[in-house]
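Please keep the structure open beside you as you read.

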Protein chains: 6
Amino acid sequence: MSGVVIQNVQRADEATIAGLAAAGVATVHEAQGRKGLMASYMRPIYPGARIAGSAVTISAPPGDNWMLHVAIEQLRKGDILVLAPTSPCEDGYFGDLLATSARAHGCQGLIIEAGVRDIRDLKEMDFPVWSKAVFAQGTIKATLGSVNVPIVCAGAAVNAGDIIVADDDGVCVIAREEAEEVLAAAQRREANEEEKRKRLAAGELGLDIYDMRVRLKDMGLKYV
Amino acid sequence: MSGVVIQNVQRADEATIAGLAAAGVATVHEAQGRKGLMASYMRPIYPGARIAGSAVTISAPPGDNWMLHVAIEQLRKGDILVLAPTSPCEDGYFGDLLATSARAHGCQGLIIEAGVRDIRDLKEMDFPVWSKAVFAQGTIKATLGSVNVPIVCAGAAVNAGDIIVADDDGVCVIAREEAEEVLAAAQRREANEEEKRKRLAAGELGLDIYDMRVRLKDMGLKYV
Amino acid sequence: MSGVVIQNVQRADEATIAGLAAAGVATVHEAQGRKGLMASYMRPIYPGARIAGSAVTISAPPGDNWMLHVAIEQLRKGDILVLAPTSPCEDGYFGDLLATSARAHGCQGLIIEAGVRDIRDLKEMDFPVWSKAVFAQGTIKATLGSVNVPIVCAGAAVNAGDIIVADDDGVCVIAREEAEEVLAAAQRREANEEEKRKRLAAGELGLDIYDMRVRLKDMGLKYV
Amino acid sequence: MSGVVIQNVQRADEATIAGLAAAGVATVHEAQGRKGLMASYMRPIYPGARIAGSAVTISAPPGDNWMLHVAIEQLRKGDILVLAPTSPCEDGYFGDLLATSARAHGCQGLIIEAGVRDIRDLKEMDFPVWSKAVFAQGTIKATLGSVNVPIVCAGAAVNAGDIIVADDDGVCVIAREEAEEVLAAAQRREANEEEKRKRLAAGELGLDIYDMRVRLKDMGLKYV
Amino acid sequence: MSGVVIQNVQRADEATIAGLAAAGVATVHEAQGRKGLMASYMRPIYPGARIAGSAVTISAPPGDNWMLHVAIEQLRKGDILVLAPTSPCEDGYFGDLLATSARAHGCQGLIIEAGVRDIRDLKEMDFPVWSKAVFAQGTIKATLGSVNVPIVCAGAAVNAGDIIVADDDGVCVIAREEAEEVLAAAQRREANEEEKRKRLAAGELGLDIYDMRVRLKDMGLKYV
Amino acid sequence: MSGVVIQNVQRADEATIAGLAAAGVATVHEAQGRKGLMASYMRPIYPGARIAGSAVTISAPPGDNWMLHVAIEQLRKGDILVLAPTSPCEDGYFGDLLATSARAHGCQGLIIEAGVRDIRDLKEMDFPVWSKAVFAQGTIKATLGSVNVPIVCAGAAVNAGDIIVADDDGVCVIAREEAEEVLAAAQRREANEEEKRKRLAAGELGLDIYDMRVRLKDMGLKYV
């Protein structure tokens, strides 16, 4: 099953991806019907980054980072590497040397359901990573995995070419075929939120804006 | 049992609350006999905030943030929202829209034994949150909970109107009736520490300052 | 078994320790054959610190920080305190007063498989700590432990006088007898990496630099 | 705050307690409005036991089981010991000697948000325990705690004299004042379930028994 | 996205499913190239059961078990229910009433990345469940989910009609299209193991049976 | 560092080992001054076994069980295999084939800070295992580890030839040099406990047997 590299994966267009990056994880997650969110243990190694890009997926054995080298050759400008180990592992698959190589091939960042190291260097390089752990533990290069096959990463199914959006709120996956539709929904949502924000800031209550009082009373809410 | 909103909860006076904020979590926790501390997984979404205020409590179903809207109407200036789900949940009950609304009604911050989202916006707004998780997962508005009933949040019993102190060390609850007494004890403790700090900084040993050597020897401590 | 303080522990020489600090955790861990790394839950209380020093070890009962006072007397300039509880505990054994005292006796920082508190003060003092938890819970002074005995801290065996290296990647232990050899290996590794970094930054692939293509093909990697 | 033993706690009557034991945790939890359940990590040390009794509460320091001896003197026939440490701890506070003593004073079992040991002996004695951990780690007798004060155990608030129901599904607390009402509700629930069970066993669908089809359709459920 | 029930899902043939049940999880997992295994936290509520069947999948909101009623109508003889919540939840979605209903419609067992209750009754009924938790916490019926859509359950992607194999070792998913091939591989593996078992029982070493000595020596293994 | 097999390790004598097995984990742990206990997550795969034997230690890469074959050749009658991965891993390193081989070479059981599989077979064979996880995930044979080197397993330092005692309470390590002394202390402890058990069973209180009342009063315990 492993030992396969799928080349020439189709990507979404740049404008759609840029739009999703601007919307951010929480909005995109809502806009696509609350699916595609990775587990909450996927945290950024430093705050403030917000990226979106096409997924180059990696299925890697525990403690073996060989396939990262293989995957880097498959990168195109703006892509994001997404690695899931074949069994739970928090070894440090990735550090500043691999980041240097990945960036030279257009990579924007890494999503890894395992560990990462050289955190200080990665922050200085401004190379963002969302990971399950920070761990210096070294890995080997002894066993094949696969590149651009479907994976499950931190509870989310990811296909190569899907769009990844990642920011301080976590990581969300959008199917390539649904990207435009999700972007449109996200933008509608943002427009709608802007007006709500103003009314809420002015002191109007959600109870009134969203007309909740009658329904709450009907359900039996009692004020004492 | 749920479906109740208790109004007109009594609060401690402002000066007492301000004094507890100045003392901070570690000191207040010690001053009240080492009780009231929430679990260590309650972490601030950004470092540096230190707040104290009266608790407006929320008991909410898992994945349902409806009661936050109800609770916001009950806020008074300086209050802190404290939410405990009725079963373990890390969904993102709260984001920048609710923070905008809560702040408009005087809220200083949120303590939530669940998830929070829109982290970057909350940080820009300087709206502090202590939570169990950062998670973008959306919630619904379908089931009643209660507001200002007694809750257990992250292992600590909280009554509406109790004082919450929160800083980088975590979150501590002080019973309203004990607030003045705890503040007095905290201030005594701080005065006492100041002198100790100077002596320790000058190189005096705790072994000598606290007269520990004899007792250690009596208990059998051996130097080899 | 407990109740022992071993004095006059041998330390590695300063230059070796300084060299290991400069190399950092990930490099040192690799250079010594991928051993000695503490568990990934040992995290710095603030980012950016990188220290190395000789370990003064502490075996302490759960919830009892008495031995910290005893250990501080055993410190020499540049040492690092390393505390392991005798059973799992996340109480706040250490805060700003003990940090003040430890620093006055030459201590560079603390490694603790338990909790720490007064985080904001420690950061202002620039006193780095790597801990399992941040927790304000107070401790007592009732039971003996030991100082400078062999301990297991966060999965790593530590002897007094071993060298601790700690940075944003975590904490690594180097046996005193092996320190010079490890430093030499670390420096060779760094020199080697520098050249690799340049070639990778220029776009050369690891697949080519490390001559991996033939071996991958032999193992059956298929491009489709 | 600690160092208090409250004597002569009021208990619920025996018949009510026996009725709650017969109903079991899941039914009682539902009958009292889905509150009072301890966290799911509270597991029985062997399957099959189902008990109910009045709580004798213990607030104990981490790693210190002294108060168990004090609490045993406060036991009456049919009581259940409920211990919460003042900070997270999994030490083995309780083993076969204490079980022998507790049973001699009428104790039916132990609920402990910490560790327990001598599992094989306890099983042979048929002395049931629900605990957070099985751990042989020894404890000391050096610091005071309290007996029969209000505690929070595994997320549930417990007052002395409250009724504890425990079985293979976990542990539930019922306030003494509500015990009769909860028992009545539990018995109504059981009667109601019996008829449902027969219809379901005969192949009738919940969709029909509970008249769900129209509401599901109204909410938009689509069959494809 | 939710609110869909897919009917008339294709199943694998009975003989193939029976063969996979006989092989068991560990063998099937190996035979299909070490994929499809659910996370190790999925544990049986009692030991000894070994089942295989076609998956009827359920995507359910946290704390809402409504879709179980919908799914039961979709069951055919021998099927297995597989439920994944849309965000982490350990509530008790399933108990003896639902088990009674599911069994009446041919269900062999339940796989649930959440909680289950009425453990003692389920064991008496001999209705096996593999779950993330045992928890009596009740659920509601307020929000739609979906039935027979693709889900990710405990880290494994599951499509309706895939074969589930579950025993004391955990839970494994086999794609329907690959079931026959996997069964053939599993049976070859078992035949091969039988001979190995005899030789190993007679004292022959794996080092010799698998011809490992030369390769170990070549890689540098040293006997001292 | 890895790639070493140490042969001809010294063992403790059989009578001492048998004595320690009879005493059990809790007693032995107390008798040797409360050290050597492995973490509470090390659980038996089935209840009821109690064994003691000399440790044959294995340091293995994550997901690689090759060294188990090497270690089996080093076994002598009554030995216990003790495996620690070099980084956290819960893969199933061990199943019924390896158990068959290990038993043929005298092995009594396995202690593994990782996963195990073929649970049902192991139970039928009555081959006890204490592990961190039950997980069917397969391992490879690609990288060297070491046999009979010092390891840290589940927080306890283990040297080859140390005595392992394991039962339903967990796993404890006794240094070979201290084994006789520990056994003597354990037997004294058991003799002492026997008399206590009788008095406690007769209703005498620990408060009186251990003369605690005065000390409790002196420390300030108040009865109200």
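Predicted model: local features only at pLDDT ≥ 70, side-chain atom pairs only at ≥ 80, totals over all residues.

The crossing of α1(B) past α6(B) is left-handed. On the α1(B) side you will find Ala15(B), Thr16(B), Gly19(B), Leu20(B), Ala22(B) and Ala23(B), and they meet Ala179(B), Glu180(B), Val182(B), Leu183(B), Ala186(B) and Glu190(B) of α6(B). Sorted by class, the residues of this contact are eight nonpolar, two polar and two charged. The spacing along such a helix has a simple background: an α-helix has 3.6 residues a turn, so residues three or four places apart point the same way.

Now follow α6(B) across to a neighbouring chain. There α6(B) packs with helix α4 (residues 96-104) of chain C, at an angle of about 15° and with the axes 8 Å apart. That angle makes α6(B) roughly parallel to α4(C), because angles under 35 degrees count as roughly parallel. Here the crossing of α6(B) past α4(C) is right-handed. The residues that meet are Glu193(B), Lys196(B), Arg197(B), Leu200(B) and Ala201(B) from α6(B), and Asp96(C), Leu97(C), Thr100(C), Ser101(C) and Ala104(C) from α4(C). Four of the residues in the contact of α6(B) with α4(C) are nonpolar, two are polar and four are charged.

Next, look at chains A and C. Helix α4 (residues 96-104) of chain A and helix α6 (residues 179-201) of chain C pack at an angle of about 15°, and their axes are 8 Å apart. This makes α4(A) roughly parallel to α6(C), and α4(A) passes α6(C) in a right-handed crossing. Asp96(A), Leu97(A), Thr100(A), Ser101(A) and Ala104(A) supply the α4(A) side of the contact, while Glu193(C), Lys196(C), Arg197(C), Leu200(C) and Ala201(C) supply the α6(C) side. The class make-up of the contact of α4(A) with α6(C) is four nonpolar, two polar and four charged residues.

How enclosed is α4(A) by the rest of the structure? Seven of the nine residues of α4(A) are buried, so this helix is largely enclosed. The buried ones are Asp96(A), Leu97(A), Leu98(A), Ala99(A), Thr100(A), Ser101(A) and Ala102(A). They pack against α3 (66-73), β4 (80-85) and α5 (119-125) of chain A, together with α6 of chain C. After α4(A) comes Gly106(A), with a positive phi near 100°.

Stepping back to chain A as a whole, you can count eight helices and twelve strands. Its C-alpha atoms fill a box of roughly 65 × 40 × 35 Å along the principal axes. Of the 224 residues in chain A, 64% are buried. Among contacts in chain A between residues at least 6 apart in sequence, 76% join residues at least 24 apart. Some chain pairs do not meet: chain A and chain D share no contact, and their closest C-alpha atoms lie 15 Å apart. Chain C and chain E likewise have no contact, with their closest C-alpha atoms 15 Å apart.

Is Pro47(B) buried or exposed? Its relative accessibility is 56%, so Pro47(B) counts as exposed. Leaving out residues up to four places away in sequence, Pro47(B) touches Asp168(B) and Lys123(C).

Let's finish in chain F. In helix α1 (residues 14-23) of chain F, the buried residues are Thr16(F), Ile17(F), Gly19(F), Leu20(F), Ala21(F) and Ala23(F). Their cover includes α2 (25-31), β3 (51-60), β10 (163-167), β11 (170-174) and α6 (179-201) of chain F. Just after α1(F), Gly24(F) has a positive phi of about 85°.

The largest nonpolar core has 59 residues, and Met38(F), Leu81(F), Phe94(F) and Ile111(F) touch the most other members. Helix α3 (residues 66-72) of chain F gives the most to this core, with six residues. Beyond its neighbours within four places in sequence, Met38(F) has contacts that include Val82(F), Ile111(F) and Cys153(F), as well as Phe135(D) from another chain.

Technical notes: Residues numbered from 1 in each chain as written. Chains lettered and ligands numbered in written order. Heavy atoms only, no water. Core = buried A, V, L, I, M, F, W, Y, C linked by side-chain atoms within 4.5 Å. Buried < 20%, exposed > 50% of the residue type's maximum accessible area, 1.4 Å probe, protein only. Helix = DSSP H or I, 4+ residues; strand = E, 2+ residues; numbered from the N terminus. Contact = heavy atoms within 4.5 Å. Axes fitted to C-alpha atoms, helices over the stretch in contact; angles between N-to-C directions. Parallel < 35°, antiparallel > 145°, perpendicular 65-115°, else oblique. Left-handed = near helix turned anticlockwise from the far one by under 90°. Nonpolar A, V, L, I, M, F, W, Y, C, P; charged D, E, K, R; others polar.
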